[in-house]
Amino acid sequence: MPRTLLPVSIVALSILASAAMAQDRAGLGGGTDVLKGRPYSPYADRAFPTQVWFGDTHVHTGLSADAGGAGTTIMPRDAYRFARGEQVLSNSGQPVKLSRPYDFFMITDHSDAVGAISDIIKGTPNVLADPSGRQYHEDFNAGGDVAAEAMWRMIGEFAQGTLSPELNYQPGNPAFDRVWDDTMAAAEEYNDPGIFTTFIAFEWTSLEMGNNLHRNVIFRDGIERAGQVVPYTTTPPQGSNNPRDLWNWMKAYEDLTGGDVTAIPHNGNLSNGMMFPLVDNFADGEPALDPRYAELRHEFERIYEVTQPKGDGEAHPALSPDDEFADFETWDWGNLDLSEAKTAEMMHGEYVRQGLARGMKLEQELGFNPFKIGLVGATDIHTGLSSIEEDNFFGKYATYEPNEHRADHVADKNDDLGISYKSWQYNAAGVTAVWADSNSRGAIFDAMERREVYATTGPRLRVRLFGGWEFEPEMAFRRDLATLGYGLGVPMGGDIRPAPEGADGPGFLVYAMRDPMGANLDRVQIVKGWVDAEGESHEKVYDVAWSDNREQGADGKLPPVGDTVDLSIPSWTNTIGSAELGTVWQDPDFDPSLSAFYYARVIEIPTPRWTAYDAVKFGIDFPEEVPLKTTERAYTSPIWYTPKG
């Protein structure tokens, strides 16, 4: 049976959390060779990150057309003040504050139409001279449902390439350039290394006929380098919808400035199969992908936003029917603007597990793995308020800030196709966790590029994952597991060296600690994917550590952890589950000739969903279709194994 660490007290938990989870104290047990020659002080000469930092990599303010048009008045400086812990007034005039400040933060307003929404709302002469602009001016100033419907109309026109050019400001437009300069200046003003780190960033919003191919573009650099360029857009002739053109722009930026930039794709579940493709969707005749595509994507897209309010993108129950936790905040009805309904075949190019497997297969053909991605979470919030705790969720859009009717809106629909979704289906997620040497731009960016990151759906869990060939079972009980993990293996995001002769299988040292303010842990799982000799992909989910002395059934499944949620409050108790879980797990189905990936998934005990808090606050009796409970979770970046030769 896998080893499970005993629960610790809240006092001990907070001490451990503040000491970066895995104190590097020398102890008894295996792995003593890696400790030989080290100073007596276990903290001296450490050459690995000992702290995890939490932040949001995807936030929109009133500068984004689909945010400002829907009523968002929070601007970048307001958003930074909120994220660093200050109380502000929301877009609807409600006081709001985070339970804890973020460590780092990125505002990613859309690059297309920078500055336009402010002019549309004000009604500048150039806007009112355009018939479409005058209508948008009237609708957005009407507020409420009229403004919300106008926002969706604008998204649809932009997605289909029919938005009036007079409203789609591009680089060179004085308003565009002025607003971008001020956005950079705000990031510089609020960057406070060691306390609150900000990044210059934007969202490249590719919508290929409504299919979501969005990327957040993050600069490692300050304004002295980032200020030498303007954001890349999706509108010709300056911009393009094709990701290849974005990567070429990023390479040109690095060549020009000596700087560093990365891109984070998101919402493959709204791409209708285009996020993790096997063919070039932008080429005539859909030819196979070429090595240059694989090389550029491998270089410039190191991480992927796996969870956010528009659905969770780790797995889908139809693709992973044996995974009891696969159906989590699932969005699977169409593309972003609902112009095309979803088909079963599309989903193979949308979810992380299938993308990771496709990447290994393409590596064998092209020489690079284009989908070798670490996993992060973000809010994609369009209120400027990154408040995604279940009891503090201020909605995806300003329209959905707390009010008694916010959960029952039809958020978007296509009557011709018979598809729609409601606002209760937005998910209060997520957060990016980064193992880095310091809370600074360089350290956090470098950790993202080496994929030593993980995603959570909101809680600030501490999670470590290492892979190697020399881990022994008793190492899971030691408090210096980071020393052993780095000394004997590789961390999340890394590659295990080829199998030694006679090796039974790689081992994985995994450890998770609950959020000190959150719920206990149900279990830790290892998700494995591999490609067989015929090129077919497979997956398996292993329960490797769990709470409450449960026993696996004959089918290998664990019984449910239980449920302590009281929806009348709403709240829960930590009388089930464990505060920390860990183990050393060895792959029992290892084949040294086959490529494989492994990542950890940590599942919390059930807790109230944001809709449960609304039900109590506003006295709402929701229909059965509205979930009132959730199982928050974390996903680590994978560790890869590639055979010799």
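Predicted model: local features only at pLDDT ≥ 70, side-chain atom pairs only at ≥ 80, totals over all residues.
User: Is serine 111 buried or exposed?

Analyst: Buried means under 20% relative accessible area, exposed over 50%, and partly exposed in between, with a 1.4 Å probe and protein chains only. Serine 111 counts as buried because its relative accessibility is 0%. Serine 111 sits in the loop between strand 4 (104–107) and helix 4 (116–122); helices (H or I, at least four residues) and strands (E, at least two) are DSSP runs, numbered from the N terminus.

User: Which residues does serine 111 touch?

Analyst: Contact means heavy atoms within 4.5 Å. Not counting residues up to four places away in sequence, serine 111 touches Phe176, Phe202, Glu203, Trp204, Pro231, Tyr232 and Thr233. A polar atom of the serine 111 side chain lies 2.8 Å from the backbone oxygen of tyrosine 232.

User: Which residues touch the most other members of the largest nonpolar core?

Analyst: A nonpolar core is a set of buried Ala, Val, Leu, Ile, Met, Phe, Trp, Tyr and Cys residues joined through side-chain atoms within 4.5 Å. The largest one has 105 residues, and Phe105, Phe219, Trp249 and Tyr454 touch the most other members. Leaving aside neighbours within four places in sequence, tryptophan 249 is in contact with Phe202, Val217, Phe219, Val229, Val230, Pro231 and Tyr232. A second, separate core of 37 residues includes Val127, Val179, Trp331 and Leu336.

User: Why is helix 14 described as largely enclosed?

Analyst: Helix 14 (residues 481–488) is largely enclosed by the rest of the structure because 6 of its 8 residues are buried. Those buried residues are Leu481, Ala482, Thr483, Leu484, Gly485 and Leu488. They pack against strand 18 (462–468), strand 19 (489–491) and strand 21 (507–513).

User: How many cavities of 30 Å³ or more are there?

Analyst: On a 1 Å grid over the protein atoms alone, a cavity is a set of points where a 1.4 Å probe fits but cannot get out; a pocket is an open set with protein on both sides within 12 Å along at least five of seven lines, and lining residues have an atom within 4 Å of a point. The count is 5 cavities of 30 Å³ or more. The largest cavity has a volume of about 340 Å³, where a volume is the space filled by probe spheres set on the points, which are joined across faces, edges and corners. Of its 29 lining residues, Asp66, His110, Ile155, Phe158 and Thr205 lie nearest the centre of the largest cavity. Helix 7 gives the largest share of that lining, 4 residues.

User: Which residues lie nearest the centre of the largest pocket?

Analyst: The largest pocket holds about 690 Å³ of space. Its lining has 31 residues, with Leu319, Ser537, His538, Glu539 and Lys540 nearest the centre. Helix 12, strand 22 (521–531) and strand 23 (537–546) each give two or more residues to this lining, and strand 23 supplies the largest share, 7 residues.

User: Where does glutamate 363 lie?

Analyst: Glutamate 363 lies in helix 12 (residues 352–366). Glutamate 363 counts as partly exposed because its relative accessibility is 29%.

Notes. Residues numbered from 1 in each chain as written. Heavy atoms only, no water. Polar contact = N/O pair within 3.5 Å; in protein donor to acceptor, adjacent residues only side chain to side chain.
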